[in-house]
Amino acid sequence: LRCTMGRDYADHEVLKQIQQLYDENNLYDCTLSFRANDVKIRTNSFLLSLCSPVMRTMLCGCFIEGASREAYIDDVSIDAFENAVAIWMGENVATDKLEVLVALGSAADRFEMKSVCEQAENTIHDAGR
């Protein structure tokens with residue numbers, strides 16, 4: 001099973017720049033704590049805010065997470081979240097397990113990543129044929 005956005009999406013110049021910026025350690029300004037995995041990662045709040053309105057609200061709104069620059073995530077695994085962000089950034093996610101795609105789709109839905117959610121649903125639907 002392979003989940004990916006269309007070629008026009010993945011080849012867009014702005015998206016290529018986002019992909020480069022995402023891995024710039026010196027731009028990491030917040031921490032995501034995945035309680036289910038007991039893992040914390042440093043990341044870029046601006047780029048996460050671009051891909052998810054929920055992340056934008058958590059990291060930039062008038063919530064504790066915004067002030068502390070740390071967001072606690074209880075209901076999504078780090079793998080599902082990273083897969084959803086990878087799809088949003090135009091990367092491919094390949095797996096032989098349907099549950100990986102379901103978790104990816106669930107994470108995309110939880111963080112209101114509409115295009116990623118739609119792509120996950122299409123991939124799951126196509127796998128059922």
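Reply: Ring pairs join Phe34, Phe81 and Phe111 into a cluster. The model is predicted, with local features needing pLDDT of at least 70 and side-chain atom pairs counting only at pLDDT 80 or more, while totals for chains, interfaces and linings use all residues. Residues are numbered from 1 along each chain as its sequence is written, and side-chain values use heavy atoms, leaving out hydrogens and water.

Me: Why is the pair of Phe34 and Phe81 called tilted?

Reply: Rings of Phe, Tyr and Trp (its six-membered ring) pair if their centres lie within 6.5 Å; planes under 30 degrees apart are stacked, over 60 edge-to-face, and the rest tilted. The centres of Phe34 and Phe81 are 5.5 Å apart and the planes are at 50 degrees, so this pair is tilted.

Me: What makes the pair of Phe81 and Phe111 edge-to-face?

Reply: The angle between the planes of Phe81 and Phe111 is 75 degrees, and the centre-to-centre distance is 5.3 Å. An angle over 60 counts as edge-to-face. Both Phe81 and Phe111 are also buried, that is, under 20% relative accessible area with a 1.4 Å probe, protein chains only (exposed is over 50%, partly exposed in between).

Me: How do you know that the charged end of Arg110 sits over the ring of Phe111?

Reply: The test asks for NZ of Lys or CZ of Arg within 6 Å of the ring centre and within 35 degrees of the ring normal. The charged end of Arg110 is 4.7 Å from the centre of the Phe111 ring and is listed as sitting over it.

Me: Which residues is Met55 in contact with, leaving aside its neighbours within four places in sequence?

Reply: Contact means heavy atoms within 4.5 Å. The partners of Met55 include Leu32, Phe81 and Phe111.
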